[in-house]
Structure formats: C-alpha cells, structure tokens
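Subject: Structure handover

Hello,

Here is the structure you were expecting. Please load it before you read on.

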Amino acid sequence: MARLEREPSFLPLTLSTANTVSAAVRTAPALRASAAAVTRKASEANAAAAECWTALLAGCDGPGTRALPTRLRELSEATSLFAGLRWWHGDGSQHRQRVGRAQRRIEEAITERDGEDFAEAFVGYDQAVATALARAHSRLESTTR
C-alpha cells in the first residue's frame with residue numbers, strides 16, 4: 001500500500017485533549033493509567049481511521065475497514081472509564097449519546113463506502129470524544145481540590 005508523506009489525522013482534537021489530560025493528571029495512579037489508556041486508544045483509532053480512509057479512497061476493503069469499528073469502541077470505552085461510569089451514564093449521558101451517534105455514523109459510512117460521510121462523521125466523533133474528555137477532566141479536577 002502506498003504511504004503518504006504524512007498520515008492524515010482524524011482525531012486531532014481527541015489526541016490533543018488526551019495528551020493534555022494525561023500530562024495534567026498527577027494525583028491518583030489509577031487515573032493516570034486511565035488517561036494513558038485513552039491516549040493510546042486514540043492513537044490506535046487514528047491509525048485505523050487513516051488505513052480505512054485509504055481503503056475507501058482506493059475502493060477496496062482493507063484491514064483498516066474491519067479494524068476501525070473495534071478501535072472506535074475501545075476508544076469510547078477508555079473514555080467512559082476515564083470519565084467514570086457513574087458520570088458517563090448519569091450527568092455525562094449527553095456526551096455518551098453524542099459519541100455513540102457519531103460512532104454509528106462512521107460505521108454506516110464504512111458499510112456504505114461513503115468517503116464524504118466518513119470524513120464528516122469523524123469531525124463529529126472527534127469533537128464528541130474531545131469534549132467528553134475535557135468535561136470529565138474538569139469535573140475530576142474540581143472534585144480533587
């Protein structure tokens with residue numbers, strides 16, 4: 001497969017937010033590990049998205065098209081664990097729902113091989129996950145003060 005000079009980034013906001021959160025979390029070791037898991041899962045999802053995008057543009061069914069839905073679910077799960085399941089299913093449920101809707105839209109675009117919808121859906125997913133991370137981090141910071 002041809003390699004691009006620079007891989008496209010599908011999760012720039014999420015990657016930036018995850019890196020910021022990971023660097024800012026200094027207290028509880030479990031929270032640090034959770035933030036690191038989000039960063040790792042975001043990088044894996046971003047790489048799978050780039051592979052999937054290449055396959056969509058080439059009109060073929062590459063490994064990225066099959067791997068991406070799993071990587072997105074893993075990122076969403078890591079985000080929920082960082083945020084805290086009580087918040088994710090309670091006060092943060094609007095974030096969980098936004099992430100879920102965007103994730104389903106990406107999966108539909110893959111199934112339909114619709115590159116335009118894929119790109120648009122990723123913008124929504126990236127914003128949803130980054131916002132959830134930022135809100136969760138802000139909430140966690142205010143409860144530890």
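The model is predicted, so local features need pLDDT of at least 70, side-chain atom pairs count only at pLDDT 80 or more, and totals for chains, interfaces and linings use all residues. Residues are numbered from 1 along each chain as its sequence is written, and side-chain values use heavy atoms, with hydrogens and water left out.

**Helix packing**

Two packed helices are described by the angle between their axes and the distance between the axes. Helices (H or I, at least four residues) are DSSP runs, numbered from the N terminus. Axes are lines fitted to C-alpha atoms, for helices over the stretch in contact, and angles run from 0 to 180 degrees between N-to-C directions.

Start with helix α1 (residues 12-24) and helix α6 (residues 115-143). They pack at an angle of about 20°, with their axes 7 Å apart. That makes α1 roughly parallel to α6 (angles under 35 degrees count as roughly parallel, over 145 as roughly antiparallel, 65 to 115 as roughly perpendicular and the rest as oblique). The crossing of α1 and α6 is left-handed, meaning that the near helix is turned anticlockwise from the far one by less than a right angle.

Contact means heavy atoms within 4.5 Å. On the α1 side, the residues are P12, L13, T14, T17, A18, V21 and A24. In α6 they meet D126, Q127, V129, A130, L133, A134, H137 and E141. By class, the contact of α1 with α6 has nine nonpolar, four polar and two charged residues. Here Ala, Val, Leu, Ile, Met, Phe, Trp, Tyr, Cys and Pro count as nonpolar, Asp, Glu, Lys and Arg as charged, and the others, Gly among them, as polar.

Now α5 (93-112) against α6. The axes of α5 and α6 come within 8 Å and cross at roughly 155°. The two helices are therefore roughly antiparallel. The crossing of α5 and α6 is left-handed. The contact of α5 with α6 holds 12 nonpolar, five polar and five charged residues.

**Aromatic rings**

There are seven aromatic pairs in the structure. Rings of Phe, Tyr and Trp (its six-membered ring) pair if their centres lie within 6.5 Å; planes under 30 degrees apart count as stacked, over 60 as edge-to-face and the rest as tilted. W53 and F118 are a stacked pair, because their ring centres are 5.9 Å apart and their planes lie at 20°. W53 sits in helix α2 (residues 29-58) and F118 in helix α6, so the pair ties together parts 65 residues apart in sequence. Ring pairs also link F10, W53, F118, F122 and Y125 into a cluster. F118 is buried, at 0% relative accessible area (buried means under 20%, exposed over 50%, partly exposed in between; 1.4 Å probe, protein chains only).

**Single residues**

L68 is in helix α3 (residues 63-83). L68 is buried, at 0% relative accessibility. Beyond its neighbours within four places in sequence, L68 contacts A45, A48, A49, C52, I106, I110, F118 and F122.

H95 belongs to helix α5. H95 is buried too, with a relative accessible area of 7%. Leaving out residues up to four places away in sequence, H95 touches W87, W88, T131, A132 and R135.

R113 lies in the loop between α5 and α6. R113 is not a glycine, yet has a positive phi of about 55°. R113 is partly exposed, at 48% relative accessible area.

Best wishes
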